[in-house]
Amino acid sequence: MMNYNIRGENIEVTPAIREHVEKKISKLERYFTETPNANVHVNLKTYTNTNAKVEVTIPMKNLVLRAEERNPDLYAAVDLITDKLERQIRKHKTKVNRKFREKGEPQDYFAVQADSAVAVEEETDDMQVVRTKQFDLKPMDSEEAVLQMNLLGHSFFIYTDAETNGTNIVYKRSDGKYGLIETN
């Protein structure tokens, strides 16, 4: 059973909004053989520029589903989130089924649907590695890594930290700022 925790920031969660969210997200249950016992965390935010942001997190036993969407229409954002979560489930289902086919073990965690054969084919193509690169990591600091990333026009850059000698990653965030991932 899915339990819903719907919170609003700068917006009152009306019964109509709650009903729409629960109706749309409950459609995800059809992808599972058993209804997952999961807590659905939904954050609804509105901003002064009239944009709405919807964040959904569904932690489950073998998988965490998470998506966020911005849209001027709150209801449209909820619809788009549901589509994103469905794509995540299909990708995970494809990956799990491929793993179990290779091992020769059956897996019935996900329900089989009539249109799933076509979806599995499409998802397999999406997850195929089409290019491999190898390069030496140059020791540098995070500022130099950001400069290198911007020079290359990439959204992330991997480098060796000059002080710690660890492998780090800088990346460009959706808000235009930069993030840093440090490995142990």
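Start with Glu86. Is Glu86 buried or exposed? In this predicted model, Glu86 has a relative accessible area of 12%, and the cut-off for buried is under 20%, so Glu86 is buried. Its partner is Arg90: the two side chains meet in a salt bridge, 4.0 Å from N to O. Arg90 comes out at 24% relative accessibility, which makes it partly exposed. Both residues sit in helix 2, residues 74–103. They are four residues apart, about one turn of the helix.

Next pair. Glu55 forms a salt bridge with Lys45, with 3.6 Å between the closest N and O atoms. Glu55 is in strand 3 and Lys45 in strand 2, so this pair ties together parts 10 residues apart in sequence. Glu55 is buried, at 11% relative accessibility. Lys45 is buried too, at 17%.

Lys138 is partly exposed at 47%. Glu144 is partly exposed as well, at 28%. Across the whole structure, the search finds 13 salt bridges.

Now helix 1, residues 15–26. Its 12 residues should span 16 Å at 1.5 Å a residue, and the end C-alpha atoms are 16 Å apart, so the two agree. Which residues of helix 1 are buried? Ile17, His20, Val21, Lys24 and Ile25.

Key. Residues are numbered from 1 along each chain as its sequence is written. This is a predicted model: local features need pLDDT of at least 70, side-chain atom pairs count only at pLDDT 80 or more; totals for chains, interfaces and linings use all residues. Side-chain values use heavy atoms; hydrogens and water are left out. Helices (H or I, at least four residues) and strands (E, at least two) are DSSP runs, numbered from the N terminus. The expected span of a helix is 1.5 Å times one less than its number of residues. Buried means under 20% relative accessible area, exposed over 50%, partly exposed in between (1.4 Å probe, protein chains only).
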